[in-house]
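Here is a friendly walk through one structure, feature by feature. Have the model open beside you and follow along.

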Amino acid sequence: MAKSQKPTDNPTSTKESELSWRERFAALGNLPAFFRLVWETSPGLFIGNAALRLIRAAIPAATLYIGKLIIDEVVRLNRLPGFDDTSYLWTLVAAEFGLAILSTGIGRAVSLLDGLLGDLFANRTSVRLMEHAATLDLEQFEDATFYDKLERARRQTTGRTILLSGVFGQVQELISVGFLAAGLAVYNPWLLLLILVAVTPSFIGDNYFNQRSYSLSRSWTPERRELDYLRYIGASDETAKEVKIFGLSGFIIDRFRSLSNEFFQKNKQLAISRAGWGVLLTGLGTAGYYGAYVWIVARAVNGQISLGDLTFLAGSFRQVRGSLEGILLQFSSLTQEAIYLQDLFDYFAIKPLIHSQVDRKPLPFPRPVREGFVFENVGFKYTNSDRWALRNLSFTLHAGEKLALVGENGAGKTTLVKLLARLYDPAEGRILLDGHDLRDYDLDELRRNIGVIFQDYTRFKMSAGTNIAVGDIDERTNQPRIETSAQRSLADTVIAKLPEGYEQQLGKSFNKGVELSGGEWQKVALGRAYMRDAQLIILDEPTAALDARAEYEVFQRFAKLTEGRSSVIISHRFSTVRMADRILVLEGGRLLEIGSHYELLEQDGRYAELFGLQARGYQ
Ligand SMILES: Nc1ncnc2c1ncn2[C@@H]1O[C@H](COP(=O)(O)OP(=O)(O)OP(=O)(O)O)[C@@H](O)[C@H]1O
């Protein structure tokens, strides 16, 4: 793969986006990999397309030559006194007609194949894009430069048909030019040189402008993402409520307008100077063409060539010039497209840091867990943050234990849970499960054995049943299991009220979708925790939106249903927290206290203080 860029560290820097000729040629090195992708998409369509284009490439030269024969024949017949046999002439005319029909037919067939192949290719690349995204780390998704890469790669999936037909068309034109140029060279090789001189200026000009337009577009990736985001929040069911209440539409639209206008202005300047230079440079080419034309006409007048030769030469010259111009133009847009391809391959080259062991066999997840999870001096920092979100954290989550995490906002509770589920790996220390580092276990198995319901769980705009089944998507057709999970999380009564029950589309974005209340959504999401047969269940503030009675009931059931399995509950409600076997109090990413409800009350530390505060609030 061509190392044509090293740009994404700071995509707004235009300097980095300036590309040399060497880099542009190097980008063409991406083409074989691209063709491999296209070939894998559909070998049949690929071959069919290539074969048809080859035939079509020969048609222009053949047509011109038959035209020459027709004219020469007409002239010959005119010179002859009296009647002569015209059958040869009409055969020629019929042949030219046949070629014209063939050419249109093949043209249509080629566009059809291009379109089909392009659509298949776009689908296939989109799937690969999603498959690759699924392998990447959560941390990578929280990185803005990653999003820029993803965005540029995503754009590749739709526009690649252009590259496809571009390259195929290019090859077709080249062969076509080969035929025509051979004809010209027979008369005078200098004509070919004249053509090259005529097309070079506009080629250089176009290359220059293509490169500038690529630089502009690339350096604007973050802004384009912002534009997409503004367009989304400006017109989406998820944001409509707050946009209306806070009167945000003016603010959002103004930001969109100023950003899009800035881009438009920059683009406009470029487009205007491109058009201006284009006129000048193409004018030079036209002058070259007419120079040659004068020479050809003069020779015909002097009788050095026939009338047929005149039309053939003039036609060939015009076509070769047009085709060469096309090829050279295509070449510059081809290199540009090839550079865009680099973004796609760059994205595919991003490797996840969190994965199962590769150098030795990963351990199977213990069933049941015997000792539990041990945090040994664990520390963690988020990327792009200098602050330790967690530091010097040492404690044990015993097998079968119910642990509650308590702490103020930002204390590190959710971070601890993410480390347990290996969404991140600790920067310091280690987490052991039954005596082995968490990293030694098979990642997929680990994730399957840990069920987490996050506070910002996703409200999938899918059916109610699917919204529960996402807890173990392989079991999505296991209706009894879905219904049992719903009963356990109290979602069954919510679903019973829906017109279409478990089949009910949730969320308003789709036809006949029904919106649930915050608490109802939470009950549905909680059902996910019961879908899987996990060894460790983690609920991160899962009941914040539930009413007091529902919350009490949920936890009574939770305690019973997770009997013999470990669980972690994050909650700000002490009525819930006190039901846990032990409570871990975090402050500023550090462990402050750990013990049972009564032990901590006795210690009379932070937990006792917070508990007292909340208890007083209820008095
Ligand atoms: N994705 C992230 N990138 C950078 N910093 C983060 C990220 N998520 C959390 N933080 C920071 O890490 C610290 C701990 O966050 P965490 O979400 O673990 O807190 P929490 O105790 O769960 O808070 P809350 O009670 O508000 O849910 C906070 O200071 C937060 O700003």
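## Pro352 and the loop around it

Pro352 sits in the loop that runs between α12 and β1. With 14 other C-beta atoms within 10 Å, Pro352 is partly exposed. Asp547 is 195 residues away from Pro352 in sequence, and their C-alpha atoms are 41 Å apart in space. Please keep in mind throughout that this is a predicted model.

Pro368 belongs to the loop between α12 (307-348) and β1 (372-381) too. What is the geometry of the peptide bond from Arg367 to Pro368? That bond is cis, with omega near 0°. For context, most peptide bonds are trans.

## How the chain divides

One pair of residues gives another distance to look at. Ser103 and Arg370 are 267 residues apart along the chain, and 75 Å lie between their C-alpha atoms. Ser103 is part of helix α5, where it is partly exposed, with 16 other C-beta atoms within 10 Å.

Helix α5 covers residues 87-135, which makes 49 residues. From its first C-alpha to its last, α5 reaches 71 Å, close to the 72 Å expected at 1.5 Å a residue. Which residues of α5 are buried? They are Val110, Leu113, Asp114, Leu117, Gly118, Phe121 and Thr125.

Helix α11 has 53 residues, which should span 78 Å at 1.5 Å a residue; the C-alpha atoms at its ends are 73 Å apart, in agreement with that figure. Its buried residues are Gly285, Tyr289, Ala292 and Ile296. After α11 comes Gly303, with a positive phi near 80°.

## Where α8 meets α11

Helix α8 (residues 190-219) packs against helix α11 (residues 249-301) at an angle of about 175°, and their axes are 8 Å apart. Angles over 145 degrees count as roughly antiparallel, so α8 and α11 are roughly antiparallel to each other. Sorted by class, their contact holds 14 nonpolar, 9 polar and 3 charged residues.

Arg218 is a residue of helix α8. Is Arg218 buried or exposed? It is buried, because 23 other C-beta atoms lie within 10 Å and the cut-off for buried is 20 or more. Between the C-alpha atoms of Arg218 and Gly107 there are 34 Å, with 111 residues separating the two along the chain.

## Ile66 in helix α4

Ile66 has its place in helix α4 (residues 43-79). It is buried, with 20 other C-beta atoms within 10 Å. Leu99 lies 33 residues from Ile66 in sequence, and the two are 9.8 Å apart in space, C-alpha to C-alpha.

## Around the ligand

Which residues surround the ligand? The shell consists of Glu142, Tyr382, Ser385, Ala389, Gly407, Asn409, Gly410, Ala411, Gly412, Lys413, Thr414 and Thr415. By class, the shell has 3 nonpolar, 7 polar and 2 charged residues.

Helix α13 (residues 413-420) makes the greatest contribution to this shell, giving 3 residues.

## Two residues with positive phi

Most residues other than glycine have a negative phi, and that makes the next two places worth a look. Leu490 has a positive phi, near 70°. Leu490 is in the loop between α16 (479-488) and α17 (491-496), and it counts as buried, with 21 C-beta neighbours inside 10 Å.

Asp604 is a residue other than glycine with a positive phi as well, near 60°. The loop that holds Asp604 runs between α21 (597-603) and α22 (606-618). Why does Asp604 count as exposed? Asp604 has 10 C-beta neighbours inside 10 Å, and a residue with 12 or fewer counts as exposed.

Definitions and conventions:
Residues are numbered from 1 along each chain as its sequence is written. This is a predicted model: local features need pLDDT of at least 70, side-chain atom pairs count only at pLDDT 80 or more; totals for chains, interfaces and linings use all residues. A residue is near a molecule or strand if its C-beta atom, placed from the backbone, lies within 6 Å of it. Helices (H or I, at least four residues) and strands (E, at least two) are DSSP runs, numbered from the N terminus. Ala, Val, Leu, Ile, Met, Phe, Trp, Tyr, Cys and Pro count as nonpolar, Asp, Glu, Lys and Arg as charged, and the others, Gly among them, as polar. Axes are lines fitted to C-alpha atoms, for helices over the stretch in contact, and angles run from 0 to 180 degrees between N-to-C directions. Angles under 35 degrees count as roughly parallel, over 145 as roughly antiparallel, 65 to 115 as roughly perpendicular and the rest as oblique. The expected span of a helix is 1.5 Å times one less than its number of residues.
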